[in-house]
Amino acid sequence: MWGERMQSGIRCFAGANTARGFVSGFDGVFSGRRRVFYIKGAPGVGKSGLMRRVAGRQRAAGHAVSLFSCSSDPDSLDGIVDETLDVAMLDATSPHAYDPLLPGARDILLNLGEFLDCDALSGDVSRLEELRARTAECFRNACAYLTAAEAIRSAVRPAGDFRKPENDLKALLPDEARPGGRERRFFLGAHTCMGYVSFAGDFAREITVRVACPFGGSPDALLRALGAEARARGLDVVYFLDPLSPETYAQLYLPQLPLFITGERVPAARVYDGLFADSTSTPPEYEAVLNRAYGCLRAAKALHDETESRYIPRMDFSALVDVESRVYREMDALAREVDGGASSPRHCHPLEKG
């Protein structure tokens, strides 16, 4: 299963604000897991903090843990996955609202709303409704500016020749064809209240390949070809979507090798440059509309902070101790089940081949 195959945890965004509106990759977080914790609750009730503590505890136990940051506020978490146990936890509230599919049997609902003083909150209804409406408007405006930025970028289409990197990178894949390769889709970068934030630099230099792309260029065709070939040879594939045009791929990660391919300027063991016939500088109008989008996202964050300030004093945070203990009991029980299982075979480093 996926959790047994993932060599190490990753950090990325499960969803993002794009030119198509908010695009969710949350299905990739929880689909097919052994156990999923769905956390419900209002802003400020401790969802992100709970996940951060669980992630720290599982990492301290030697487990690979993936972190899924919130694209509206990268300092907050939308989800975590203990890849060693194949267990996920996610913030299952709007704009990524999900409900347990197999309650009790596999999925566990953690309703933090049970610990709110609802009587004290009843006097805040009109202001909370206003804050929600204004926040939604900020996100709509942000996505409108992102649409404008995409239009500017898509007007520039430099022609690139990816034949050499495609042939070289396919040679790093296992020789035999075998079924079983799975794929997931997330965002490695996102347009946020802090500007553009990317976790591409989190991958170790020795497993990173950079395919240099000028403004308007895209490695999408290369990544699709490599991903398809990897899946045909039984490897799992993580596609990272472009945060402006989410129907295209911006990065690719093959966790079993491991191998990470990106167009961003990050430290890399191998760099393919000069693939494009011309290089176009970033137009100032592109930066201008992105800055407008960031301004809207900062305004949304300020409104969200005020919303949290209405809930935090009405939350019984002491009750989270029992919730957290329940999560640990479930995870420890799963850990006992997998103890003694055969470990995955080690692969030689892909960039050491040939």
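A: Buried here means under 20% relative accessible area. By that cut-off, Asp220, Leu222, Leu223, Leu226, Gly227 and Ala230 of helix H7 are buried. They cover an arc of only 155° around the axis, so they sit on the same side of H7. The model is a predicted one.

Take the helix itself next. H7 has 13 residues. From its first C-alpha to its last it reaches 18 Å, close to the 18 Å expected at 1.5 Å a residue. Gly234 follows H7, and its phi is positive, near 85°. The buried residues of H7 pack against H6, S12, S13, S14 and S15.

Now the sheet. It is open and has six strands. Their order is S9-S13-S14-S15-S12-S16, and the pairing is mixed. Strands S9 (183-186) and S16 (270-272) stand at the edges. Each has a single partner strand, so one side of each is left without a neighbour in the sheet. Neighbouring strands are turned by 15° against each other on average, direction ignored.

Inside the sheet, look at S12 and S15. Strand S12 covers residues 208-211, and strand S15 covers residues 259-262. The two run parallel and are joined by three bridges.

H6, residues 163-170, lies across S12, S15 and S16. It runs at about 150° to S16.

The loop between S14 and S15 deserves a stop. Pro258 is placed there. The peptide bond from Leu257 to Pro258 is cis, with omega near -15°.

For comparison, turn to helix H3. It spans residues 47-60, 14 residues in total. Its reach from first C-alpha to last is 20 Å, close to the 20 Å expected at 1.5 Å a residue. Its buried residues are Lys47, Ser48, Leu50, Met51, Val54, Ala55 and Gln58. Seen down the axis of H3, they fall within an arc of 160°, so they line one face of the helix. Their packing partners are strands S4 (35-40), S5 (65-69), S6 (77-82), S7 (87-91) and S8 (107-111), along with helix H9 (320-338). Gly62 follows H3, with a positive phi near 90°.

Asp86 lies in the loop between S6 and S7. Its phi is near 65°, a positive value in a residue other than glycine. At 1% relative accessibility, Asp86 counts as buried. Pro95 lies in the loop between S7 and S8. The peptide bond from Ser94 to Pro95 is cis, with omega near 10°.

Last, the whole protein. Its secondary structure comes to nine helices and 16 strands. Of its 354 residues, 51% are buried. The C-alpha trace spans about 65 × 60 × 30 Å along its principal axes. Among contacts between residues at least 6 apart in sequence, 80% join residues at least 24 apart.

Methods. Residues are numbered from 1 along each chain as its sequence is written. This is a predicted model: local features need pLDDT of at least 70, side-chain atom pairs count only at pLDDT 80 or more; totals for chains, interfaces and linings use all residues. Side-chain values use heavy atoms; hydrogens and water are left out. Two strands pair if DSSP finds at least two bridges between them. Helices (H or I, at least four residues) and strands (E, at least two) are DSSP runs, numbered from the N terminus. Axes are lines fitted to C-alpha atoms, for helices over the stretch in contact, and angles run from 0 to 180 degrees between N-to-C directions. Contact means heavy atoms within 4.5 Å. The expected span of a helix is 1.5 Å times one less than its number of residues. Buried means under 20% relative accessible area, exposed over 50%, partly exposed in between (1.4 Å probe, protein chains only). The arc is that of the directions from the helix axis to the C-beta atoms.
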